[in-house]
Amino acid sequence: MRSRKIHAVIVGADRVCRNGDTANKIGTYNLAVSAKHHGVPFYVAAPSTTLDSKTACGADVIIEERETTEITHNMATKERVVLDGPHLSIWNPVFDVTPAELITGGIITEKAVFPPAKSGSALFDVAAML
């Protein structure tokens, strides 16, 4: 992105909340922040079945957590590869949430591309996309 050879970023989503916040695999938020920083349009492509008009925003999404052993152990040999210590704390979430304000290009479904609103309090109206 820094070299400006990327014209857009398109990611998927496991859930799109009513306000346009999206839950997706870890790292999606980081890509969105980087795209915003570099002025690259950021799109979320998701089937309409992932649009969730009942969940108001990303803060309401319950993030599943995985076992810490996925990070501390070699999954093939089951051998611990991270030293334990009194200050070691591990959090292994499955998803992260990307705020709607970072979705600068729009939300893509099988019905249409929905760009963010140019004015108003809500950038996206997921109920209207359904």
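D21 sits in the loop that connects β2 (15-17) with β3 (22-25), where helices (H or I, at least four residues) and strands (E, at least two) are DSSP runs numbered from the N terminus. The model is predicted, and local features need pLDDT of at least 70, side-chain atom pairs count only at pLDDT 80 or more, and totals for chains, interfaces and linings use all residues. Residues are numbered from 1 along each chain as its sequence is written, and side-chain values use heavy atoms, with hydrogens and water left out.

- D21 is buried but has no salt bridge, and R18, the nearest side chain of opposite charge, is 10 Å away.
- Buried means under 20% relative accessible area, exposed over 50%, and partly exposed in between (1.4 Å probe, protein chains only); a salt bridge requires a side-chain nitrogen of Lys or Arg within 4 Å of a carboxyl oxygen of Asp or Glu.
- For charge, Lys and Arg count as positive and Asp and Glu as negative, whereas His and the chain ends are not counted.
- The D21 side chain reaches the backbone nitrogen of G58 at 2.8 Å.
- Leaving aside residues up to four places away in sequence, D21 touches R15, V16, C57, G58, V97, T98, P99 and A100, contact meaning heavy atoms within 4.5 Å.

**The sheet containing β2 and β3**
- An open sheet of 4 strands runs in the order β5-β2-β3-β6 with mixed pairing, two strands being paired if DSSP finds at least two bridges between them.
- Its edge strands are β5 (51-52) and β6 (95-98), each of which pairs on one side only.
- β2 and β3 run antiparallel and are joined by 2 bridges, with A23 in β3 as the bridge partner of R15.
- α1 lies across β3 and β6 and runs at about 30° to β6; axes are lines fitted to C-alpha atoms, for helices over the stretch in contact, and angles run from 0 to 180 degrees between N-to-C directions.

**The sheet containing β4**
- Another open sheet of 4 strands has the order β1-β4-β7-β8, also with mixed pairing.
- β1 (9-11) and β8 (113-114) stand at its edges with a single partner strand each, so one side of each is left without a neighbour in the sheet.
- Helix α1 (residues 28-38) packs on this sheet, touching β1 and β4 (42-45), and its direction makes about 150° with that of β4.
- β1 and β4 pair in the parallel sense over 3 bridges, and I10 stands opposite Y43 in β4.
- β4 and β7 run parallel and are joined by 3 bridges, and V44 stands opposite I107 in β7.
- β7 (residues 106-108) pairs with β8 in the antiparallel sense over 2 bridges, and F114 in β8 is the bridge partner of I107.

Conventions
A polar contact is a pair of N or O atoms within 3.5 Å; within protein, one must be able to donate a hydrogen and the other to accept it, and residues adjacent in sequence count only if both atoms are side-chain atoms.
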